[in-house]
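Please look through the sequence and the coordinates before reading on.

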Amino acid sequence: MTKPSLPELLHAAVTAVGGMERPGQAAMAAAVADAVDDQSHLLVQAGTGTGKSLGYLVPALAHGERVVVATATLALQRQLVERDLPRTVDALHPLLRRRPQFAMLKGRSNYLCLHRLHEGVPQDEEEGLFDQFEAAAPSSKLGQDLLRMRDWADETETGDRDDLTPGVSDRAWAQISVSSRECLGASKCAYGAECFAEQARERAKLADVVVTNHALLAIDAIEGAPVLPQHEVLIVDEAHELVSRVTGVATGELTPGQVNRAVRRAAKLVNEKAADALQTASEGFERVMELALPGRLEEVPEDLGYALTALRDAARTVISAIGATRDKSVQDEDAVRKQALAAVESVHAVAERITQGSEYDVVWYERHDRFGASLRVAPLSVSGLLREKLFTERSVVLTSATLKLGGDFNGVGASLGLAPEGTAGEDVPQWKGLDVGSPFDYPKQGILYVARHLATPGREGSRTDMLDELSELVEAAGGRTLGLFSSMRAAKAAAEELRGRLEKPILLQGEETLGELIKNFAADPETCLFGTLSLWQGVDVPGPSCQLVIMDRIPFPRPDDPLMSARQKAVEEGGGNGFMAVAATHAALLMAQGAGRLVRATGDKGVVAVLDPRLANARYGSYLRASLPDFWYTTDRNQVRRSLAAIDAAAKADGR
């Protein structure tokens with residue numbers, strides 16, 4: 001029997017999921033197949049509605065080698081594992097004459113730990129363990145969650161936190177989960193044979209397709225201890241998020257509270273001298289942190305340097321000394337020791353990293369109203385790490401609806417450690433960029449309106465003219481508005497102002513869970529939803545409930561953001577344009593994601609309104625506009641009001 005062609009396979013898969021075949025999807029599938037066959041790399045921009053999941057799954061499954069698919073969001077992981085993969089495998093099975101296996105794999109702390117569930121949590125102040133179920137009042141929210149999780153533990157087949165509905169708080173989940181550092185290891189644990197995390201890893205070893213998240217991919221790359229099984233093909237979906245997720249995993253943090261917990265956990269397990277030295281170092285660090293002012297530390301101040309050196313040395317002594325407990329009455333000694341070791345090792349690692357002072361790291365203080373001061377360290381860039389760890393031993397396909405900024409892929413490519421497209425060289429990963437377009441007719445379905453007449457937004461102060469404009473646009477649209485704001489303060493101010501001016505329901509992020517807000521927004525066309533960063537890419541509301549997307553200003557990073565400003569400065573010192581490479585690229589990605597909220601289906605119509613005249617007037621405005629969907633562009637305020645009123649009238653005529 002002849003091998004089935006890629007178009008045949010794609011047709012079978014699209015039919016199975018009840019979709020429509022699209023030219024962009026076919027072009028994407030062919031390009032992915034070529035990259036996998038050539039062992040080269042591909043950046044592919046596939047607009048909303050292209051069907052990009054099948055565009056990479058079908059050629060990957062046809063290839064037959066193991067594939068890892070890494071996504072940024074939980075929603076896409078679930079869609080892949082619960083919908084796209086089962087149907088695609090069923091459809092391709094008769095044609096491929098084999099049934100590819102698939103599995104989901106996450107970090108260990110995402111799985112319920114049976115040891116912690118049954119044996120309790122090592123306690124900070126006392127020896128031994130306490131039973132978290134006894135300690136939490138059954139009437140409290142925490143107590144109710146713990147009892148529900150105990151019942152769930154008897155039913156669940158996966159132990160995966162995301163299969164627990166409704167979900168629970170981080171605090172509740174922490175009572176029944178462990179980090180990889182705290183885990184006893186399957187061979188030492190009484191529950192090793194039944195361990196959910198170990199079972200997930202075993203399933204992944206046998207699977208042809210392993211679905212994971214960007215964070216686990218980053219841990220696998222950075223920490224050198226392989227978490228993911230060997231794979232020949234890596235597909236990174238939602239790839240515009242990868243750099244920030246990898247940066248997050250590579251960021252270290254020290255707080256006085258964290259250090260105190262480490263001291264308490266280790267105190268009973270080492271000799272008095274070692275425990276006292278760590279206690280003294282902890283107090284010294286806390287004194288320094290009380291005076292910490294937010295901002296970047298170009299050089300580590302002398303007093304902080306002394307405190308960190310003392311902390312590092314004391315932590316190293318404690319790590320060596322945690323061999324045998326002093327008090328044999330400690331129950332479940334291995335678990336207590338493992339948790340203490342994990343806490344002290346974490347302190348030691350960050351203290352040592354900052355005292356070593358790499359030129360490739362950025363160090364800064366942060367101060368939080370509720371949690372106090374923290375000391376943070378992050379890599380100046382992750383591009384070298386990504387180039388070395390991701391692109392050397394496998395074919396990599398990166399895909400998203402927003403990878404092409406300002407007209408090409410080189411900006412995103414550079415952030416991933418790739419030389420400009422077409423650059424030749426022995427150690428230079430070869431890659432191609434492909435934009436397969438979108439099934440939507442953007443110039444006919446959407447308008448990009450820039451409020452050119454408004455004052456340029458300053459750093460502080462109210463923007464009365466912007467609020468007037470916002471109110472008039474929402475009124476013209478009949479509600480139906482998603483407001484994307486550069487800060488929570490701006491979103492709150494706008495919500496308060498419009499609640500006083502308009503008789504439209506205004507929902508505000510933070511007043512309900514995100515899922516509940518989006519559900520209520522979609523249910524009532526007159527409703528508006530205002531919020532900040534997570535709404536820029538987390539809202540999928542096709543139809544008449546979202547016909548106006550408003551951005552209050554261009555979302556440049558804050559000038560006092562230590563990491564972004566350090567990255568900008570580094571580009572400038574290398575002779576490049578730091579503003580365009582860092583700030584404008586950051587803003588372009590967010591704006592492209594935000595504008596992508598408007599048109600989610602072929603019948604959608606509406607306006608993206610940017611209430612920042614710099615998009616029309618500034619030199620970088622054309623770069624940012626070129627990163628957005630190809631909407632019809634205007635700065636005519638009267639024209640846009642007429643258009644919004646017409647769109648509103650048409651939706652009402654349809655009874656929507």
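Between which helix and which strand does Gln-39 lie? In this predicted model, Gln-39 is placed in the loop between helix 2 (23-38) and strand 1 (41-45).

## Backbone features

Gln-39 has a phi near 55°, which is positive although the residue is not glycine. With 65% relative accessibility, Gln-39 counts as exposed, because the threshold for that class is over 50%. Arg-97 also has a positive phi in a residue other than glycine, near 60°. The loop that holds Arg-97 runs between helix 4 (74-96) and strand 3 (102-104), and Arg-97 is exposed, with a relative accessible area of 63%.

A further backbone feature concerns a proline. The peptide bond leading from Thr-165 to Pro-166 is cis, its omega being near -10°. Pro-166 belongs to the loop between helix 7 (141-155) and helix 8 (170-174). As background, most residues other than glycine have a negative phi, and most peptide bonds are trans.

## Aromatic contacts

The whole structure contains 7 aromatic pairs. One of them is formed by Phe-556 and Phe-579, a tilted pair with 5.3 Å from centre to centre and 55° between the planes. This pair links distant parts of the chain, 23 residues apart: Phe-556 is in the loop between strand 18 (548-551) and helix 23 (562-573), and Phe-579 is in helix 24 (residues 578-595). Phe-579 counts as partly exposed, at 25% relative accessibility. Phe-556 also pairs with Tyr-620, here edge-to-face, at 5.4 Å centre to centre and with 85° between the planes. The two residues of this second pair are 64 residues apart, and Tyr-620 lies in the loop between helix 25 (614-617) and helix 26 (621-626). Tyr-620 has 17% relative accessibility and therefore counts as buried, the limit being under 20%.

Elsewhere, ring pairs join Phe-440, Tyr-442 and Phe-631 into a cluster. Arg-625 is positioned over the face of Tyr-633, 4.9 Å from the ring centre.

The largest cavity has a volume of about 270 Å³. It is lined by 25 residues, of which Cys-113, His-115, Val-178, Cys-183 and Leu-184 are the closest to its centre.

Helix 5 (114-119), helix 9 (196-206) and helix 15 (333-356) each contribute at least two residues to the lining of the largest cavity. Sorted by class, that lining consists of 16 nonpolar, 5 polar and 4 charged residues.

In helix 21 (residues 514-523), the buried residues are Leu-517, Ile-518 and Phe-521. These residues lie on the same side of helix 21, because they cover an arc of only 95° around the axis. The face turned away from the buried side of helix 21 carries the exposed residues Gly-515, Lys-519 and Ala-523.

## A buried loop residue

Is Val-599 buried or exposed? Val-599 counts as buried, because its relative accessibility is 2% and the limit is under 20%. Val-599 sits in the loop between helix 24 and strand 19 (606-610). In sequence, Val-599 and Cys-546 are 53 residues apart, while in space they are 8.7 Å apart, C-alpha to C-alpha.

Key. Residues numbered from 1 in each chain as written. Predicted model: local features only at pLDDT ≥ 70, side-chain atom pairs only at ≥ 80, totals over all residues. Heavy atoms only, no water. Phe/Tyr/Trp six-rings, centres within 6.5 Å; stacked < 30°, edge-to-face > 60°. Helix = DSSP H or I, 4+ residues; strand = E, 2+ residues; numbered from the N terminus. Buried < 20%, exposed > 50% of the residue type's maximum accessible area, 1.4 Å probe, protein only. Lys NZ or Arg CZ within 6 Å of the ring centre and 35° of its normal. 1 Å grid on protein atoms, 1.4 Å probe; cavity = no way out; pocket = protein on both sides within 12 Å on 5 of 7 lines; lining within 4 Å. Points joined across faces, edges and corners; volume = space filled by probe spheres on them. Nonpolar A, V, L, I, M, F, W, Y, C, P; charged D, E, K, R; others polar. Arc of directions from axis to C-beta.
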